[in-house]
Amino acid sequence: MKDKLIEWGAAAPIIFILIQALQVVIAPIPGEVTGILGGFVFGQWLGLVYSTIGLTLGSLGAFALGRWLGDAYVRNLVSEETWNKLGFIVEAEGTILCFIIYLIPGLPKDIVCYLFGLSPMPFWVFAVVSTLGRIPGTLVLSAQGAKTATGHYVEVVLLTAAVAALAVPLYYYRLRIVAWFEGRRRDDEPAERDPKPERDARQDKDGRRREAGSRGGPGRT
């Protein structure tokens with residue numbers, strides 16, 4: 001891939017951005033591979049910029065497809081296990097939830113784009129929050145690729161170890177964290193009002209009004 005990108009010359013950044021976008025929408029190869037490739041070929045910071053642009057375009061494309069094609073298409077696209085764990089997203093509108101999902105390693109971020117497309121979340125909110133949530137992981141991958149390309153293998157090992165110390169606990173508890181957000185969403189939903197107490201109070205009030213009328217109405221001596 002590096003040799004092929006170099007052959008493309010000035011068009012290499014555009015081709016790489018398209019690859020990053022397509023791997024979100026179609027997912028032919030893992031995003032971790034393309035993230036490292038960006039840093040390996042373009043350096044840490046340009047790799048981060050190009051990867052972020054591609055990931056954002058791909059995420060927005062998947063979001064738009066989910067919203068356009070609807071529930072039936074997305075349910076056939078995702079696995080039953082993923083739908084059971086993350087299907088509640090289609091009823092959510094939380095920006096914090098979106099950010100956390102894209103920040104935590106191990107969650108199917110590309111598929112989640114389609115799920116958020118079914119949710120009430122506005123397009124521009126998803127664009128901002130999903131991009132910000134992807135940046136930390138993309139920066140790490142780009143740095144790993146850049147340091148590998150320059151032969152700084154000790155730094156690669158140290159960086160990987162430091163990131164793993166933070167990422168492994170998040171990965172281990174990822175489903176619990178998501179389940180906690182799902183529970184918070186349900187707790188925040190207004191409970192359905194029971195009309196019976198209100199109806200009984202109204203009937204009792206009407207009864208007292210009729211009783212007062214019978215005692216104080218015309219004809220009383």
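A: Start with one side chain and ask what it touches. The model is predicted. In it, the side chain of Arg134 makes a polar contact of 3.2 Å with the side chain of Ser59. A second polar contact, of 3.4 Å, joins the side chains of Arg134 and Asp110.

Q: Where is the place of Arg134 in the chain?

A: Look for the element that holds the residue. Arg134 sits in helix α9, which covers residues 123-149.

Q: Is Arg134 buried or exposed?

A: Check the relative accessible area against the cut-off. Buried means under 20%. Arg134 has 11%, so it is buried.

Q: Which residues is Arg134 in contact with, leaving aside its neighbours within four places in sequence?

A: Here we list contacts of any kind. Arg134 is in contact with Val24, Leu55, Ser59, Tyr102, Lys109, Asp110 and Cys113.

Q: Next, pockets. How much space lies in the largest pocket?

A: Read the volume, then the lining. The largest pocket holds about 840 Å³ of space. Its lining has 32 residues. Glu32, Pro105, Gly137, Thr138 and Leu141 lie nearest its centre.

Q: Which elements give two or more residues to that lining?

A: They are α2 (12-25), α3 (31-42), α7 (95-103), α8 (109-117), α9 and α10 (153-172). The largest share, eight residues, comes from α9. That is the helix of Arg134.

Q: How many nonpolar, polar and charged residues are in the lining?

A: Sort the lining by class. It has 18 nonpolar, 10 polar and four charged residues.

Q: Now the whole chain. How many helices and strands are there?

A: Count the elements. The protein chain has 12 helices and zero strands. Of its 221 residues, 36% are buried.

Q: What share of contacts join residues at least 24 apart?

A: Take contacts between residues at least 6 apart in sequence. Among these, 76% join residues at least 24 apart.

How values were computed: Residues numbered from 1 in each chain as written. Predicted model: local features only at pLDDT ≥ 70, side-chain atom pairs only at ≥ 80, totals over all residues. Heavy atoms only, no water. Helix = DSSP H or I, 4+ residues; strand = E, 2+ residues; numbered from the N terminus. Buried < 20%, exposed > 50% of the residue type's maximum accessible area, 1.4 Å probe, protein only. Polar contact = N/O pair within 3.5 Å; in protein donor to acceptor, adjacent residues only side chain to side chain. Contact = heavy atoms within 4.5 Å. 1 Å grid on protein atoms, 1.4 Å probe; cavity = no way out; pocket = protein on both sides within 12 Å on 5 of 7 lines; lining within 4 Å. Points joined across faces, edges and corners; volume = space filled by probe spheres on them. Nonpolar A, V, L, I, M, F, W, Y, C, P; charged D, E, K, R; others polar.
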